[in-house]
Amino acid sequence: YGLLDGVSGFVVKESDIEGFADKIELLINNEQLRASMAKAGRDFVMRTFDTKILGDKLSKIYDSI
């Protein structure tokens, strides 16, 4: 749930070894893409799974019950 296809990584079909290898090669050869995907992944996790944010969401659920 933490992967945004094409933004923070790539989704490759199961058993698609060639597709997997192509994406790995793309990342190896493109430092800027690697850096932007890494940043996007970290930003997504911080926005979505930070303990303060999760605690606030849980509190709202309890308050609504």
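This is a predicted model: local features need pLDDT of at least 70, side-chain atom pairs count only at pLDDT 80 or more; totals for chains, interfaces and linings use all residues.
Which residue's side chain does Lys-39 meet in a salt bridge? The points below come to this after a look at the whole chain.

1. **The model and its confidence.** The chain averages a pLDDT of 92, and 98% of the residues score at least 70. Within the chain, confidence is highest in H1, at a mean of 97, and lowest in H3, where the mean is 91.

2. **The overall fold.** The chain contains three helices and zero strands, and reading along the sequence gives the pattern α-α-α. The helices discussed below are H1, which covers residues 17–29, H2, which covers residues 31–49, and H3, which covers residues 51–64.

3. **The shape of the chain.** A compact globule of 65 residues would have a radius of gyration near 11 Å, whereas the chain has 17 Å. The C-alpha trace spans about 50 × 25 × 15 Å along its principal axes. Buried residues account for 12% of the 65 residues. Among the contacts with a separation of 6 or more, 36% are between residues 24 or more positions apart.

4. **The salt bridge in H2.** By the rule used here there are two salt bridges. To return to the opening question, the side chain of Lys-39 meets that of Asp-43, with 2.7 Å from N to O. Both residues lie in helix H2, four residues apart, which is about one turn of the helix. Lys-39 counts as exposed because its relative accessibility is 52% and the cut-off for exposed is over 50%. Asp-43, at 29% relative accessibility, counts as partly exposed.

5. Because Asp-56 and Lys-52 are four residues apart in helix H3, about one helical turn separates them. Lys-52 is exposed, with a relative accessible area of 55%, while Asp-56 counts as partly exposed at 35% relative accessibility.

6. **The aromatic pair.** How many aromatic pairs does the rule give? The count comes to one. The pair is formed by Phe-44 and Phe-49, and its arrangement is edge-to-face, with 6.2 Å centre to centre and 75° between the planes. Two values are quoted because a pair of aromatic rings is described by the distance of the centres and the angle of the planes. Is Phe-44 buried or exposed? Phe-44 has a relative accessible area of 13%, so it falls under the 20% cut-off and is buried. Phe-49, by contrast, has a relative accessible area of 40% and is partly exposed.

7. If neighbours within four places in sequence are left aside, Val-12 is in contact with Gly-19, Phe-20 and Lys-23. Val-12 and Lys-23 are 11 residues apart in sequence, and their C-alpha atoms are 8.4 Å apart in space. Val-12 itself is partly exposed, with a relative accessible area of 26%.

8. Not counting residues up to four places away in sequence, Leu-26 touches Phe-10 and Leu-33. At 35% relative accessibility, Leu-26 counts as partly exposed, because that value lies between the 20% and 50% cut-offs.

9. **A backbone detail at Ser-15.** Which residue has a positive phi although it is not a glycine? Ser-15 does, with a phi of about 70°. Ser-15 is placed in the segment before H1, and at 66% relative accessibility it counts as exposed.

Terms used:
Residues are numbered from 1 along each chain as its sequence is written. Side-chain values use heavy atoms; hydrogens and water are left out. Helices (H or I, at least four residues) and strands (E, at least two) are DSSP runs, numbered from the N terminus. Buried means under 20% relative accessible area, exposed over 50%, partly exposed in between (1.4 Å probe, protein chains only). Contact means heavy atoms within 4.5 Å. Rings of Phe, Tyr and Trp (its six-membered ring) pair if their centres lie within 6.5 Å; planes under 30 degrees apart count as stacked, over 60 as edge-to-face and the rest as tilted. A salt bridge is a side-chain nitrogen of Lys or Arg within 4 Å of a carboxyl oxygen of Asp or Glu. pLDDT is the predictor's confidence in each residue, from 0 to 100. The radius of gyration is taken over C-alpha atoms; the globule rule is 2.2 Å times the number of residues to the power 0.38.
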